[in-house]
Amino acid sequence: MRKSRIVICIFTAVFLVLAGLIGFFLWEPTGDFPFSVLISNNGKTEQIECFYNGKNDVFLFLPSYAELSKTQIKLDTNNVVSINGAKLTEGLSCENFKFDTQYKLTYNKWGNTLEKNITFLKSGDVAAMHIDTQSGSMDYIHSKKGNKETGKIRLYSASGNTEYEGDLNSIKGRGNNTWEAFDKKPYSLTLSREGNLLCLGTATEWVLLSNAADPSNLRNKIVYDFAKNAGFEYSPDAQFVDLYLNGEYVGLYLLSERNEVHTERVAINSNNSFLASFEKEDRLQAQNYTYISTDTKRAIRFHYPKNISSGLLAEFEQICQSAENAIISDNGIDSATGKAWQEFIDLDSWGKKFLIEEVFGNLDAGLTSQYFYLDNNLLYAGPVWDYDHAIGNGLDKNWSISNPNTFVVNRPKYDTVQDNQWFKFLYKKDSFYNHILKIYQSEYLPLLQKLIDKDIDIYAESIGLSAKMNELRWDSDIKGDDLLNGAKEIKEYLSEHTKFLSDVWLEKAEYHQVYFKNSEGNEFYYHLKSGEQVGSTPTVADTETSTFLGWYYTDTDEPFDSTKPIYEDIEVYAKWEEKGKIELDDIIKLAPIGIIAVMFLILLFVAVKQTKNGGDGIWKR
């Protein structure tokens, strides 16, 4: 037994030494580098760290106002650091370097010489925001949404003028899916004093949208500006910024007003007013927000008043429920109050909001981040918010939401809890329907044409250099220009979707809906002109437990014929067969594991038996 223990100890020691040596020679830093740069501008200095992409490339992402002649090296090591063979020294000017040029970076680490590629990149026509947290790190903030720190903030225009400088009462994480699903995080800021940031209005509360789910970075900006240009009340103003946190460039962000009751934002402020939003109930429960749930399972979160009393909450709940009763009733009247739906809601704002959701194809239309407010005893829709999953950008490209030739707001749902009841029933009201057609034709179409023909290209050009830096910062494998491709996709979607809506609403063309009900995954639905064929059907992959058999008519349970012309709305469903037995391929895959397991058990049995007999087990010679 003693001999076996010695062998095991020796083996373990050798393994640990080898692992340490491998780690010593192969480990490379992922963030800290032996130097950074200091940028001087109008008497102010900002320190910016190098970014290493984990492969062989190092980048210095500089703001649009940076000049290499006013940029100096700051060494963080006594080791030799060279670029293209020239030794870097403390305070060395970067004037001899060029932007968008790749150089060879050489430096020492633990006696080893490392070589990387290094490139200086510069943004253009975008403001720069620098934030330093009290701890000097974002670790605490990123560990949990809601964690916050104080800090310092400086905001410079694209030309380098100081727009704002002061203390931060807090910076913290925000959002739901974006916060959970992406490394590039969105944030909420609270200034220590009110500031008019980039001429967006004077306030203390601000939002930094990461646009992580939108490769183009354009969608929120496009919709916010469109809503404002269309006269939609209290639409948030927003401007792009390059964001630096504790000297680290973290990407292109959209600095936006927050949807809040404020004289510069949602300018309502009375005892009988409120600001609320439709949200997903599970999110509200998880975050312990105050909300009510209507009879159609619409969860409504109240943002204002803060710390709402139970009595006032019950009063507001009754207003929302009465409005819903009138909206969803066949005669448009709430039986409890005798009031018609027009007495509860402002027709113009709800009509404009419906069109914004439909024209821009918002995945969350009517479901989440859908704001509305009570003012002068009427419910008004708005402000707009959250359009990263819009304009053809679904959760994945297989969703029907990415198809421009279909309706978005009134899409079907196999989960009725997710159905948008208010817009769905308003659309059925003749006066509401006629009103949205009037707005669409006289107000929205001219603005849409200008957006497609001119404005989208202007947006894309203005953030082009910053978007390039953002791509390199967050996805070094990107090939080509995601911004240009994204702008092109947005223009194509809006062009085709506008033609579709005009065909249905203005030309009165007859379309029919084909709904593919798939309980195992995403929904699919298409709108086709009367007499057209579906052609190819959605592809559905088998799951670990079920095999996809095909699409079947819901009413007849017969296989769906995709070549048959469509003359009415139809529904088909995905038929599945459970996998009830182990397939031969599965047995083949598991065989090696089974053989190894059996051999291990045999050796273990022999070792235990010999040990019981007083021997040294399998180590006995």
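The residues lining the largest cavity divide into 6 nonpolar, 2 polar and 1 charged, where Ala, Val, Leu, Ile, Met, Phe, Trp, Tyr, Cys and Pro count as nonpolar, Asp, Glu, Lys and Arg as charged, and the others, Gly among them, as polar. The model is a predicted one, in which local features need pLDDT of at least 70 and side-chain atom pairs count only at pLDDT 80 or more, while totals for chains, interfaces and linings use all residues. Residues are numbered from 1 along each chain as its sequence is written, and side-chain values use heavy atoms, with hydrogens and water left out.

The lining of the largest cavity is made up of Phe278, Trp350, Lys353, Gly366, Gln370, Tyr371, Phe372, Ala381 and Phe423. A cavity here is a set of points, on a 1 Å grid over the protein atoms alone, where a 1.4 Å probe fits but cannot get out, and lining residues have an atom within 4 Å of a point. The structure holds 2 cavities of 30 Å³ or more, and the largest cavity contains about 50 Å³ of space. Grid points are joined across faces, edges and corners, and the volume is the space filled by probe spheres set on the points. Helix 7 (347–359) and strand 20 each supply at least two lining residues, and strand 20 gives the most, with 3 residues. Helices (H or I, at least four residues) and strands (E, at least two) are DSSP runs, numbered from the N terminus.

Because 6 of its 6 residues are buried, strand 20 is largely enclosed by the rest of the structure; buried means under 20% relative accessible area, exposed over 50%, and partly exposed in between, with a 1.4 Å probe and protein chains only. In a regular strand the side chains alternate between the two faces of the sheet. In strand 20, Gln370, Phe372 and Leu374 point one way and Tyr371, Tyr373 and Asp375 the other way, all of them buried.

Which strands pair with strand 20? Strand 17 does so in the antiparallel sense over 5 bridges, and strand 21 in the antiparallel sense over 4 bridges; two strands pair if DSSP finds at least two bridges between them. Alanine 276 has phenylalanine 372 of strand 20 as its bridge partner, and tyrosine 373 stands opposite tyrosine 380 in strand 21. The hairpin of strand 20 and strand 21 has 2 residues between the strands, and asparagine 376 in this hairpin takes a positive phi near 50°.

The structure holds 40 aromatic pairs, one of them being tyrosine 244 with tyrosine 249, a tilted pair at 5.4 Å centre to centre with 55° between the planes. Rings of Phe, Tyr and Trp (its six-membered ring) pair if their centres lie within 6.5 Å, and planes under 30 degrees apart count as stacked, over 60 as edge-to-face and the rest as tilted. Tyrosine 244 is buried at 0% relative accessible area, and tyrosine 249 counts as buried at 2%. The rings of phenylalanine 274 and phenylalanine 372 have centres 6.1 Å apart and planes at 85°, so this pair is edge-to-face. Since phenylalanine 274 lies in strand 17 (residues 274–279) and phenylalanine 372 in strand 20 (residues 370–375), the pair ties together parts that are 98 residues apart in sequence. Both phenylalanine 274 and phenylalanine 372 are buried.

Lysine 428 sits over the ring of phenylalanine 425, with its charged end 4.7 Å from the centre, and the charged end of lysine 575 sits over the ring of tyrosine 552, 4.0 Å from the centre. A charge sits over a ring if NZ of Lys or CZ of Arg is within 6 Å of the ring centre and within 35 degrees of the ring normal.

A cis peptide bond, with omega about 0°, joins tyrosine 304 and proline 305, and proline 305 is found in the loop between strand 19 (299–304) and helix 6 (310–328). Asparagine 307 is placed in the loop between strand 19 and helix 6; its phi is positive, about 50°, although asparagine 307 is not a glycine. The peptide bond from glycine 382 to proline 383 is cis too, with omega near 0°, and proline 383 is found in the loop between strand 21 (378–381) and helix 8 (421–426). Isoleucine 391 is found in the loop between strand 21 and helix 8 and has a positive phi near 50°.

Note on methods
On a 1 Å grid over the protein atoms alone, a cavity is a set of points where a 1.4 Å probe fits but cannot get out, and a pocket is an open set with protein on both sides within 12 Å along at least five of seven lines; lining residues have an atom within 4 Å of a point.
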